[in-house]
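Please read the following walk through the model with the sequence and the coordinates open beside it.

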Amino acid sequence: MGAACSRKRDQLDNVDGFDRGVSGRYCKSGSSKWLATTFSRPVLEIQREKKKCPSLLELCTHKIREDIDNYVSFSTLPRDLSQQIFNELVKSQRLTDVSLEAFRDCALQDLYLGDYPGVNENWMDVISSQGSSLLSLDLSGSDVSDPGLIYLKDCVNLQDLNLNYCDQISDRGLKHISGLSNLRSLTFRRNSAITAQGMAALSGLVNLMKLDLEKCPGIHGGLIHIKGLTKLESLSIKWCNCITDADMKPLSGLTNLKSLQISCSKVTDFGITYLKGLQNLSVLNLEGCPVTASCFDTLSVLVSLLFLNLSRCNLSDDGCEKLSKLGNLKVLNLGFNDISDACLIHLKGLTNLESLNLDSCRIGDNGLVHLTGLQNLKCLELSDTEVGSNGLRYLSGLCKLESINLSFTVVSDGGLRELSGLTSLKSLNLDARQITDAGLAALTSLTGLTHLDLFGARITDSGTSHLRNLKNLRSLEICGGGLTDAGVKNIKDLSSLSLLNLSQNCNLTDKTLEMISGLTGLISLNVSNSRVTSAGLRHLKPLKNLRSLTLEACKVTANDIRRLQSAGLPNLVNFRPE
Amino acid sequence: MSNQKKRNFQIEAFKHRVVVDPKYAEKTWSILEHAIHEIYNHNASGLSFEELYRNAYNMVLHKFGEKLYSGLVATMTAHLKEISKSIEAAQGDLFLEELNRKWNDHNKALQMIRDILMYMDRTYIPNTHKTPVHELGLNLWRDNVIHSSKIQSRLLSMLLELVHRERTGEVIDRGLMRNIIKMLMDLGSSVYQEDFEKPFLEVSAEFYMGESQKFIECCDCGDYLKKAELRLNEEIERVTHYLDVKSEVKITNVVEKEMIANHMMRLVHMENSGLVNMLLDDKYEDLGRMYNLFRRVPNGLSTIRDVMTSHLREIGKQLVTDAEKLKDPVEFVQRLLDEKDKYDSIISQAFSNDKTFQNALNSSFEYFINLNNRSPEFISLFVDDKLRKGLKGVSEEDVEIILDKVMMLFRYLQEKDVFEKYYKQHLAKRLLSGKTVSDDAERSLIVKLKTECGYQFTSKLEGMFTDMKTSQDTMQGFYASHPELTDGPTLVVQVLTTGSWPTQPSITCNLPAEMSALCEKFRSYYLGTHTGRRLSWQTNMGTADIKATFGKGQKHELNVSTYQMCVLMLFNNADRLSYKEVEQATGIPASDLKRCLQSMACVKGKNVLRKEPMSKDIGEDDAFFVNDKFTSKFYKVKIGTVVAQKESEPEKQETRQRVEEDRKPQIEAAIVRIMKSRRVLDHNNIIAEVTKQLQSRFLANPTEIKKRIESLIERDFLERDNNDRKLYRTMNYVEEGLVSKSKRSSQLLVSKTEEDGSIKILFVEHKRFNDLCRSARLVTPLMIPSATLPSFGFDPTFTWPQKLLISKPRLPRKLVAFVTSF
Amino acid sequence: MKRKDTVKLISTDEMEFVIDKDAAMVSQTIRNMLTSPGPIDNWVFLGGFAETELGEVTFPEISAVILEKICQYFYWALQYSRGKETEFHIEPELTLELMMAANYLHT
């Protein structure tokens, strides 16, 4: 029965590129940071939720799923029930073009078939039979082609339509949906066939609030057609490298826009001037655009602007004094620009900043003095900069800081004392060779830490004793090579851990696996390049929540892990060696 | 096989009844409508829940949700209009009872209606974003009953009337009141606020405005506060009985504003009963009540604090400036301590140890103690008194308490260095006269001073103790090496290190021959073991015990000062001596001699001498005789002991001058320290920083600081900025500078400016010199051709080669002066 | 008012099922039938529905076969919540009708 409540339709805002939590440098080999972000939230649910008694309705739905081929039609069932059956079939991947037939004329409201295998032209007839009841449709990644969209003409109440990655659809197909004037959200990611001409079909969609044309390389000149869509609140044309300054002009009147993503386009300072009137704009992503400091003149009049991404824009210190005009910003990404300490002085007045990214900028200790007044800062990214121990004292007063990334900086043990008072810290990245056991002693007061990355730090067994009180740690990486089984003793009681990476410590043995067998919250475990053997795998059986296990370069084969998986780790979806 | 068979069946869709009857919806709704009527009429027991639920269920399934919903709204509205009328008809007090009864009815009916329409609540309503049944029922009750024109105002005035009656002492039906108020809250916080809370607060404000006016005219401050406290508690209690908990803050705010904030000044300053009177009479209970009430209103505590502070300052000012009270320093300090105790206990008992009050107390004491520049001296005298006699028979803990109190007063002193001066003098006298009661207490106080002011402050005081100990050992050694000295006079010498003791340049008086022979022996003994030292006798600081026999053979032991001893010994060979003769024979300075004669000839009970003419003062023409008639009931008589006393005016001036002299280098050191780190600073900031740095020791005088700056400029430590005369900068050489070539050609002399501004001269190797230059961030290490350097101990007229003067770092033009003055 | 621990459920074909009240109240709908208007602190007596009074409910749209299955489910659910997690068997031919009834009974 609850099916009707779980509408995805209402989700409109999706601020990608502005990850406020642990920053994403996922690509580092051996480190499994992607898990930290993608899996971290469901952990609690998995661990704590007690099994609830299934309702009779659910039991019936499951039964129907099992015998689905025996059902001819659900059209006489109340809509809520047929919707529930439909969702169950999609979830379990039991829906086929044959079983779909039973849903003809069921007046379904939501058909979420995104990335569902086998969806094509032939499905469209049953889809269109839902008629005016249909409110949202997701056909992402399907083989539906232009003629297939003709069927949608009858679905006049359609509000959300998702056609991402449908490479069979072109301008002609767009024409068929031009009459769906109730559409509120339309997404069309990665479509190379759509051109400016085809976009004329969008001009009639006057209720559109969200339009996503990410990675559509042929739409240059086409934005003129959305000029009249004044209800538009969110527009993404990122990774459309055909977009130029001229394309910005039609956007100048879309004053309801709240989010605009034009990263990796050819838009320059001049193009940005067209955005002056967008007084509701709060999110602007300009990553990789050839803009200069001159664009700050325009950005400073955008009174609602809170999130600004300027990474990889080749900004230099020239003209950076204009940054000081952006006093409202909460999130600012300046990563990978050619800016130095001299630029940071202009951030002094941005006291509303909560997140600042300076990844790989040419900054050092002296620049950080200008950050002392940014008392609202929660997240600070300093990876790959020249920042050293002397600079950290300027951070010691930023007591709201929750996340700092100091990887690949020149910070050494002595500087970490300055962090000991930052008790709000939840995430700390100290992936740097010069960090050793002595440095960890300064971290014992940071009991709120949930993520600690010591990937390359030279931590030995004695250093891990400083981690014992960090009971809230959910992810921990110690891969500097100096750890032995004795050091793991200090880790085995960190019961909140869901991600543990102890790879590259070649002296760890099966004993380590035995000791961590009590960490039942673990979702991801990596002990690659160690002396772990297949005999030790049995210790992992209590780790019922484990979804990822990496034991490369150990005496363990893929088959060994598979056996473990079938013997008692049903949640394991990702393992190496494969 | 059987499995195979089972799989082959086909499931036909469940044959759901298809509605054909065009009047289906009408018919079904009328059944439900009837049921709703029955429910309101208390006739539900005849209804089948299943039937009603099924009908509603089917209506929703067959897409008649809208009809069902709008029908419900219409029917319920009609019922509520009826109910509203019956409530309106209720007379007098029955009105509230009727309202409450009908509200209960409606609530129950609403619950039943919601239950039979559950399916609509579950599916139709969320899909169409309509108001759920229960909330709908409450909204309709609000609109049709509570907000009906004939009920709304009547309800409000009745509620307010009940509250008023309760405030004036009547007993009301709180249960009914609670039910009605709860109804308003159930209808949503905005209903409760608009329909009751706001007007309630307004009426309350009016009530308390009137009442407080009445009270303030006829009550004294203590009584008024009692009444206000009572009212406040009543209101808090009222909230717990029948109002929303969130109202507590609001209603207490009203009472606080009307009864306290609006009359704060008048209460505090109320004649004969205000805050000052409470303080004077130690009325802890009233003060505590005032504190607890005033803390609730803005600026309440600061008002109390301000009045307390100004009163305290007034009292304190009288205490420290009243000439009458200055006569006895011990009494003076005791009064300060008593005052402090009084306020400490007021703050702890009535003001819940409020830190801000403690601070106010401290700053007040600091203020008035420093109004009298004799405070440091008096505090030291107080200590002296305690350590001489006051602590006899007092337990160790009590000693600590007294010392801690003294330390507290010491902390208030701005001129801690003046205290140190006096303390040193008084301690010296205590030690030398052997009059200190407790060595432990002495040391304990020194430890306290050390923790308060640092090692420097007490190092000399500790040196004095060391000297005392060493002297004991020395005396033992002396007598051990002179066994022949068992007969005759005994000499006890205390060897004092110059600098540690407050020695005054004094002329050694002429000792009696037997004594001076003994002194000579000691001198040769001492210098024999400690070569290279110089001994000089401080005869002004010693004491002596003499056995004396008077006219009728009465024998006494007289305890006198060394000076007095010298005078008395003269009378072994003479009956009568004139003042001039005494002066000439002893060589004692006139002022000391007069005092010493006075104490032996003019004090009753101690008059071992007799003088002519008899008078209280000593004249230059006086003559002195042994007083044969001297009597005393004690065998031992203490005469004119060297008791520390309040200083006389010239002595005071002298001490002050010495203090000022001592401050100069400290101020200079502070300036140098600050300028070394700041390089450039303007005048006002230097003053501020120096004052700050020195405030733990004394309050530096800005004029003096300015003089010190000038002096430093003169000596090339600092220079003025060429454009801005108010701006000073350090001369670059301060870190290190080259001074001279040493005797050995491989070494160089380098001067280094120390923290305290003194200059240290170092011999360094060439190589090390280069390092030093680099560490001082010199552009190029300076190498000076040896021919151009003066030899060690050089000629002050030597001038530096021009080339050196312009190189960086700049060398001081008057470096020569430095070195010679070193 | 008599308070009984059992309740009688009657199908459209007049088959009677007497089951424990606890079991019956697994269904939210039956729970409401038997308890509405619920415990309101109230001194005015205002009668409940007929079902509350009689301790029996008639379902004119549910057949005996389905009602029996539903009663089985009630007891199964009670056991499940006490930790005995067994399979609940449903005959394929009953699923749709049972689903409708489950929806009706909110269970």
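Helices, taken as H or I runs of at least four residues, and strands, taken as E runs of at least two, are DSSP runs numbered from the N terminus. With that numbering, Asn529(A) falls in the loop that links strand 18 (524–526) to strand 19 (548–550) of chain A. Everything described here belongs to a predicted model, and for chain A the mean pLDDT is 87, with 91% of the residues scoring at least 70. The exception to bear in mind is the stretch of residues 1–49 of chain A, where pLDDT stays under 50 and for which the model has 87 contacts beyond four places in sequence.

Most residues other than glycine have a negative phi, and most peptide bonds are trans. Asn529(A), which is not a glycine, has a positive phi of about 55 degrees. Because 20 other C-beta atoms lie within 10 Å, and 20 or more is the cut-off for a buried residue, Asn529(A) counts as buried. In chain B, His129(B) also has a positive phi, near 55 degrees, and it sits in the loop between helix 6 (118–128) and helix 7 (133–146) of chain B. His129(B), however, counts as exposed, because it has 6 C-beta neighbours inside 10 Å and the limit for an exposed residue is 12 or fewer. A cis peptide bond, with omega about -10 degrees, joins Glu612(B) and Pro613(B), and Pro613(B) lies in the loop between strand 4 (609–612) and strand 5 (623–626) of chain B.

Helix 18 of chain B, residues 355–369, has 15 residues and should span 21 Å at 1.5 Å a residue, which agrees with the 21 Å between its end C-alpha atoms. Its buried residues are Phe357(B), Ala360(B), Leu361(B), Ser364(B), Phe365(B), Phe368(B) and Ile369(B). These residues cover an arc of only 150 degrees around the axis, and therefore lie on the same side of helix 18 of chain B. The face turned away from that buried side carries the exposed residues Lys355(B), Thr356(B) and Asn359(B).

Where chains B and C meet, the contact takes 24 residues from chain B and 27 residues from chain C. On the chain C side, the elements that give two or more residues are helix 2 (28–35), helix 3 (50–54), strand 3 (56–58) and helix 5 (95–105), and helix 5 of chain C provides the largest share, 5 residues. By class, this side of chain C has 13 nonpolar, 9 polar and 5 charged residues.

How values were computed:
Residues numbered from 1 in each chain as written. Chains lettered and ligands numbered in written order. Predicted model: local features only at pLDDT ≥ 70, side-chain atom pairs only at ≥ 80, totals over all residues. pLDDT = per-residue confidence, 0-100. Contact = placed C-beta atoms within 7 Å. Nonpolar A, V, L, I, M, F, W, Y, C, P; charged D, E, K, R; others polar. Expected span 1.5 Å × (residues − 1). Arc of directions from axis to C-beta.
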